[in-house]
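This report looks at how two protein chains meet and then at the fold of one of them. Please keep the structure in view while reading.

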Amino acid sequence: MPSKRNRRHFLKATGVGLLGSLAGCTRGGDSSGSGGSDGGSGSGDGSGGSGTASEGSGDDLAIPLSEYEDADIEWRQFEGSQINIGAVQHPWVSAIKPAVPVFEELTGIEVVWNILPEQQFRTKRQTDVSTGAGQFDVFYMDQVVNQFREEGWLQPLDPYFEDSSLYDEAWYKPDDLFESSKWQAHGGGYSDTWTGLPITVEVQTQFYRQDLYDKHGLEVAETLEEFRQNAKTIHENESDVVGTVGRGQKGYGMNIYILNTFLREFGSSLWTEFPTDSGLDTDGVINAAEWYVSLLQDYGPEGASTQTWSDVLSTMQEGRAGHIVSDANLFWPGLTGSDSSVADTIGIAKAPRPADGQFSPNAFNWQISTSKNARNSEQAFLFMLWATSQPTNTWMHLENGAAFSVRQSVWENDEFRSRVGENFAQVTLESLQEAAPDPFDRKYPQWGQRYSEELQRAIAGQKSAEEAMTRAASIAEDIYSG
Amino acid sequence: MSTPTQTESTSQPTSARLRELWNDYLPYWFMAPMVLVMVMITFFPGAYDLYLALIEEPTLNVFAAEFAGLSNFETAFTRGGALHSFVVTITVVVSALLLESLLGFLLAALVAGVDSGRTKSFYRVLFILPMAVAPVSMATIGRIMLNSEIGIVPYVINTATPFAAPAFLSDIPLLTVILLDTWNWTPFMFIIFYAGLSSVPDTLVEAARVDGAPLWRRYVHVIIPYMKPVVFVATLIRLIDLFRTFGVVYGLTQGGPGTATQLVSINIYEQMFINNQITVAAAIAIVYLVLVVALCNVIIAKVGFEGVWD
């Protein structure tokens, strides 16, 4: 009899808990969030509760609160309030979600997620900030950062960094964040203030086939010339394998994302003189474009100009390519996982650079920002701080399968390195230390699209790289002047 | 006593007037709900699009908007590449329409000529299948099948024929787009033509045969003229639909390489969602709308519904 009642009690409690978690985004006011008392009562019958965390919280928190309580920050000043987070369906969300109860316990602020597919999210975000609705307190931010900033939609974070009740520099260790990530969070050089905090970073690396390298006695290329030679050897000596693959499809996140690595290594930059001289017709850009175009034409697959990142990845996974010349290090799990037919023989190295050029691979950070109209910007800042802090970041990377940290300490962490692979971690770390992300000026999506179209034309052989880049330069300048 | 009389005397003329109003304009009242719906779903968006095409910066406050004259149209045709995308669209529409009509008719004629009922329905189902595939999934599958390294189509061409497979999406993108659309939509023409063919009376064809008309004459002089309404309607519907093509082409090439397959619909999409130039997108949309409506009206006037339905 008692056991029966216990079971019913347990089922009821589990049911309540399940309903609470299923409700997800729309979860309102009471229940699950803080105390978690009825969720805990089901198991509370038998075991004596863990009680390791501070104060009487019955739940096992993912990260001990003491990690945060050392900080000289008044975590509980907004107790009882609620923040809305607008996010895309993205690995960061799944990696941090299990730890969010820690934040809720720490601050007494309830977190409500609004997770949408990328395109829908962009539309929603645009509407939210441009109409002044201010529904999202925290939201994902990307290439449109300067457009949003110049429209006056973003809330600069500096006032919060200067507020001693909200921020403790000694605890947060901002210097642990990669320079390039901090730079991109400052609008890629276009802003003196923090536009948000970086949450994930990817950097470009080179991938190669170790088995083919052994077979043909090749050595990992450091320079573009060596790389071209390696690609040539494989292309000419293997019947079913092309020398290299690389993104050729147009789009501001496609072919130019790769080319931008090389043009900086050739000593050029986007906007020699903003906004009058795009720099796209300088020698550095033209040389970089010529090198990339001829590499793909000579040793790439047929139709390289239409390859997207997923084509690049799957061609390499199928074992039909000798290299990926330069692409996101996030390909690593895909290339070495069960989807890959060459999982055991993939090598990773730093992206090649010109013999007399500076190594500076492109990187991209997702960041989270808050808007001028958000109702709870200060609470939002606390969340952003907590989410990007060292303890949270370390936990996500050690316990929850993430591999995109913006903190150097994570990439140096031995436990993390042994989990993801020493070589991958070291190459990524060294690349990130010298990374040079794209500065997304406010019209980047617009002229970037046209610039990528021109590059695609060159890769497809419709015009020379020089013609394409000269045309791209005039288009970009025209867009700002007109 | 007098109060009710008074009320009656004032209310009667009002209701009589109302009834008169109702009776006099009876047809309009019946049409009103439909007109309202049309205004909301057709006229309003069109007018709003025109408004967007004529202002400097999009704003919800109509009175605060700055009139831009025709500058958005100018931008559309200079920097926006509208002319090029019109040429691409017309090429695709004309070639795909011709191919689909011819193939659809050929298949319909072949299937109609099959005697066994079971074989007939087998072919009917087989030929209709491609139409059931959603454009975006077709584009995605198409990309994989046409991929020069891992795709089945280049593989088959390279191994089973003496020819080398072209890079479909970069060497012959326009042709690839046209062929894929043909594959997708020939079934539509097939169904309608098949129904049309089935409706041609056997006696008519038989009479022509007895008179000694060879097969092609029977088609050209008897069957096709009899099917004219069906051919006209099918072609018109497909024509209008082809002008709206977006998903297959965007999924397959995103309008590239460069702008080689940039249909007007893709151009509008890119102006709007990538370049964030709503006003230019609206300008192209207006021009496109006017052209397509004008073209369809010319065709209807030339061929004429009256003649068709006789």
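## Extent of the interface

Buried area is the accessible area, taken with a 1.4 Å probe, that two parts lose on being put together, summed over both. In this predicted model, chain B and chain A bury about 2,300 Å² between them, and carbon and sulfur atoms account for 42% of that area. In chain B, the residues that lose the most area to chain A are R79(B), R143(B) and E149(B), which together hold 28% of what that side buries. The contact draws on 31 residues from chain A and 24 residues from chain B.

## Polar and charged pairing

Three salt bridges are counted between chain B and chain A. R79(B), named above among the residues of chain B that lose the most area, forms a salt bridge with D478(A), in which the closest N and O atoms are 3.1 Å apart. On the side of chain B that touches chain A, 13 residues are polar, six are nonpolar and five are charged.

## Chain A

The secondary structure of chain A consists of 23 helices and seven strands. Of the 482 residues in chain A, 59% are buried, while the accessible surface of the chain comes to about 19,000 Å², with 46% of it belonging to carbon and sulfur atoms.

When contacts in chain A between residues at least 6 apart in sequence are considered, 74% of them join residues at least 24 apart.

Notes
Residues are numbered from 1 along each chain as its sequence is written. Chains are lettered from A and ligands numbered from 1 in the order in which they are written. This is a predicted model: local features need pLDDT of at least 70, side-chain atom pairs count only at pLDDT 80 or more; totals for chains, interfaces and linings use all residues. Side-chain values use heavy atoms; hydrogens and water are left out. Contact means heavy atoms within 4.5 Å. A salt bridge is a side-chain nitrogen of Lys or Arg within 4 Å of a carboxyl oxygen of Asp or Glu. Ala, Val, Leu, Ile, Met, Phe, Trp, Tyr, Cys and Pro count as nonpolar, Asp, Glu, Lys and Arg as charged, and the others, Gly among them, as polar. Helices (H or I, at least four residues) and strands (E, at least two) are DSSP runs, numbered from the N terminus. Buried means under 20% relative accessible area, exposed over 50%, partly exposed in between (1.4 Å probe, protein chains only). Accessible areas come from the Shrake-Rupley method with a 1.4 Å probe; for residues, only the protein chains shown count as cover.
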